[in-house]
Number of protein chains: 2
Amino acid sequence: MNTPKRHYARPLDLKHGRIDMNHGAGGRLSMQLIEELFVRAFDNEFLRQGNDGALLPMIAGRRLVMATDAHVISPLFFPGGDIGCLAVNGTLNDVAMLAATPLYLSVSFILEEGLLLSDLKRIVDSMARAAIDAGVPIVTGDTKVVEQGKGDGVFICTTGVGVLCDGPSVGGECARTGDAVLLSGTIGDHGIAVLSLRESLEFETTIESDTAALHTLVAAMLAAVPTGAIHVLRDPTRGGLATTLNEIARQSGVGMILQESAIPILPQVEAACELLGLDPLYIANEGKLVAIVARDSAAALLEAMKAHPLGKGATCIGYVTEDSNRFVQMNTSVGGQRVVDWLSGEPMPRFC
Amino acid sequence: MNTPKRHYARPLDLKHGRIDMNHGAGGRLSMQLIEELFVRAFDNEFLRQGNDGALLPMIAGRRLVMATDAHVISPLFFPGGDIGCLAVNGTLNDVAMLAATPLYLSVSFILEEGLLLSDLKRIVDSMARAAIDAGVPIVTGDTKVVEQGKGDGVFICTTGVGVLCDGPSVGGECARTGDAVLLSGTIGDHGIAVLSLRESLEFETTIESDTAALHTLVAAMLAAVPTGAIHVLRDPTRGGLATTLNEIARQSGVGMILQESAIPILPQVEAACELLGLDPLYIANEGKLVAIVARDSAAALLEAMKAHPLGKGATCIGYVTEDSNRFVQMNTSVGGQRVVDWLSGEPMPRFC
């Protein structure tokens, strides 16, 4: 297990504590819950990989990959998508981030009594479209119904299975000093699309979620460079880019230095973040990836990414450094430098 | 697709209808929701298999199997188990019922704000124990938190992946006229254990849930008879034995005739059913299986089942008949005959 020991302000109070919204927000407390409860209880080599999916042993020459996600986004429908396509794309992306080819999806629905069937149909149709677009069938499922007031419309759990040819691993623990940090496009679109709707903010241009399945982008990237050139792939969802990079720095035992000016943000997302007092680095994305790659392959990868519809805005946003503190630092646009910490403070719940 | 067209009283009202508790109760309305909405939208050959898991194509000589279940049982803790071990066992059983060896599990938690961490720990420890007992690791997971009043403590979605050596299929569509219908033990234990707690019923003996992972029983059965002798395996969960047998009759285009006196029921379960006005044939089980098998292998299978701790009460409860109506009929203990219909009437929600 590469992950270093981590010290939290205090251990989880397993006797008298309660779940609060922070435990689901993707920041430090989420990590603490996972480590001190789930990983400790379920302990095995696969879970200890610490990625958003598990790389499993070979079965007759191919490695299996498995990833799962619960989707509880509120509201169910938002500009650019809905909980249905999000549930398909999100899990496909977790499989793709292990450099695997997603093959099959399963889905479990938890429906609240009183849910409009027309809403359910819209969600299911959106899932079906997303699955067809991705070329990955939903092969099995389950449905449960809970009483009114015991759910929130629809929750959707999706699980994806994929395969991988054997080769050097891609995972959060594989970043190396000197690697380039690539980002596939603008950040904050998904979170701000959802938040604008929740807060009834109106902008001149509607901000749309970037929800998308990234496995074909990953396939194009893998094809563009020698095997082993891509060290880490991760989609910066809950907790945003900042949290994702901190997770990787921690898993790999490295630091990073970013260039603020290189991180693409849509003007309307930037404006909304200012209005809401939010940092786009912490806002959820659902169709973007971070790739940490051998520096001499960075140019070829950027070219391959830019040639793909989902990577048109790809840029190099920084480099991996040697740092025993595992700090993610940023050269700011105004010439300073600051540490980009994990998400903390107010939780941002239910963006996925 | 072997499943015959089915006529419901009226089609789902996808424009103005709403989800009600019946849609989750495992009876006709559940089936209708699955067929008219999910299967229609996600249509593919795997989903059309109509079993509780999907049999997938060969990958390098082995067939993959995938099954998923959402668990929303209320209360979270009950005599003989809790939502945690239930979530592990339930999904392992869905994989096992395809005659596959379960290899890996994933888990997604949907936690309600305010949940006691001590309760969560108890649940997680129970999952860990169940996974270790079964020899199947939980390899990946996800956690979401929803606001108080938008969930109900804990919902758990588990997905299992298994493998199968190629050979004759085992599935709900494979029952043949003349086959024997075997049952691994008493029915109704799980549902009555939960219901007794909900209704605060007290009996002289506590009725315990039968929750158990059945894959080693299945392995013992497969080893006891020639390949191809076992045609159908199914665990009679939601909707109970009656609904499970009706599903199989429908998938295979056959009828069945059961002997009421052959169906084992614990005296305290029988007493509780009488008190509550319930028919044990419709009560959920979580550690029992139905096997529909070639008649000349039935004796060897019963012997193998009885030699396994989870099959000690195994009996032959009836036979498969030719019947274009696909009726499941029963010779009653008082000498009559009646049709054992699908679950209808009052829904029995949240038993798994």
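## The interface between the chains

In this structure, 82 residues of chain B are in contact with 82 residues of chain A, contact meaning heavy atoms within 4.5 Å. The model is predicted: local features need pLDDT of at least 70 and side-chain atom pairs count only at pLDDT 80 or more, while totals for chains, interfaces and linings use all residues, and side-chain values use heavy atoms, with hydrogens and water left out. Residues are numbered from 1 along each chain as its sequence is written, and chains are lettered from A and ligands numbered from 1 in the order in which they are written.

The size of an interface is often given as the accessible area lost when the parts come together. Chain B and chain A bury about 7,000 Å² between them, and 71% of this lies on carbon and sulfur atoms. Buried area is here the accessible area (1.4 Å probe) that two parts lose on being put together, summed over both. Of the area that chain B buries against chain A, 10% comes from B:Ile19, B:Phe42 and B:Leu117, more than from any other three residues.

## Salt bridges

A salt bridge is counted when a side-chain nitrogen of Lys or Arg lies within 4 Å of a carboxyl oxygen of Asp or Glu. Over all chains, a search of the whole structure finds 24 salt bridges. Across the interface of chain B and chain A, the rule finds 8.

One salt bridge joins the side chains of B:Asp142 and A:Arg238, at 3.1 Å from N to O. This pair crosses between chains: B:Asp142 belongs to strand S6 (residues 138–146) of chain B, and A:Arg238 to the loop between strand S9 (230–234) and helix H6 (240–252) of chain A. Helices (H or I, at least four residues) and strands (E, at least two) are DSSP runs, numbered from the N terminus.

## Two domains in chain A

Chain A is divided into domain 1 (44–165) and domain 2 (180–339), with bounds that come from an automatic or database domain assignment. The centres of the two domains, taken over C-alpha atoms, are separated by 22 Å. Their contact takes 25 residues from domain 1 and 22 residues from domain 2.

Between them, the two domains of chain A bury about 1,900 Å², of which 59% is on carbon and sulfur atoms. On the domain 1 side, A:Pro79, A:Asn93 and A:Met97 lose the most area to domain 2, together 32% of what that side buries. The count of salt bridges between domain 1 and domain 2 of chain A is 0.

## Helix packing

In chain A, the axes of helix H2 (residues 83–96) and helix H3 (residues 117–134) come within 6 Å and cross at roughly 35 degrees. Axes are lines fitted to C-alpha atoms, for helices over the stretch in contact, and angles run from 0 to 180 degrees between N-to-C directions. The crossing of H2(A) and H3(A) is right-handed; a crossing is right-handed if the near helix is turned clockwise from the far one by less than a right angle, and left-handed if anticlockwise. Residues making the contact include A:Ile83, A:Val88 and A:Leu92 of H2(A), and A:Ile123, A:Met127 and A:Ala134 of H3(A). By class, this contact has 10 nonpolar, 3 polar and no charged residues, where Ala, Val, Leu, Ile, Met, Phe, Trp, Tyr, Cys and Pro count as nonpolar, Asp, Glu, Lys and Arg as charged, and the others, Gly among them, as polar. In chain B, helix H2 (residues 83–96) and helix H3 (residues 117–134) pack at an angle of about 35 degrees with their axes 6 Å apart, and their crossing is right-handed.

Helix H5 (residues 215–224) and helix H8 (residues 298–306) of chain A have axes that come within 9 Å and cross at roughly 145 degrees, in a right-handed crossing. The contact is made by A:Leu217, A:Ala220, A:Met221 and A:Ala224 of H5(A) with A:Ala300, A:Leu301, A:Ala304 and A:Met305 of H8(A). These divide into 8 nonpolar, no polar and no charged residues.

## Backbone exceptions

Most residues other than glycine have a negative phi, and most peptide bonds are trans. The peptide bond from A:Ser74 to A:Pro75 is cis, with omega near 0 degrees, and A:Pro75 lies in the loop between strand S2 (62–71) and strand S3 (77–78) of chain A. In chain B, a cis peptide bond joins B:Ser74 and B:Pro75.

A:Ala99 is not a glycine, yet has a positive phi of about 65 degrees. A:Ala99 is located in the loop between H2 and strand S5 (101–112) of chain A.
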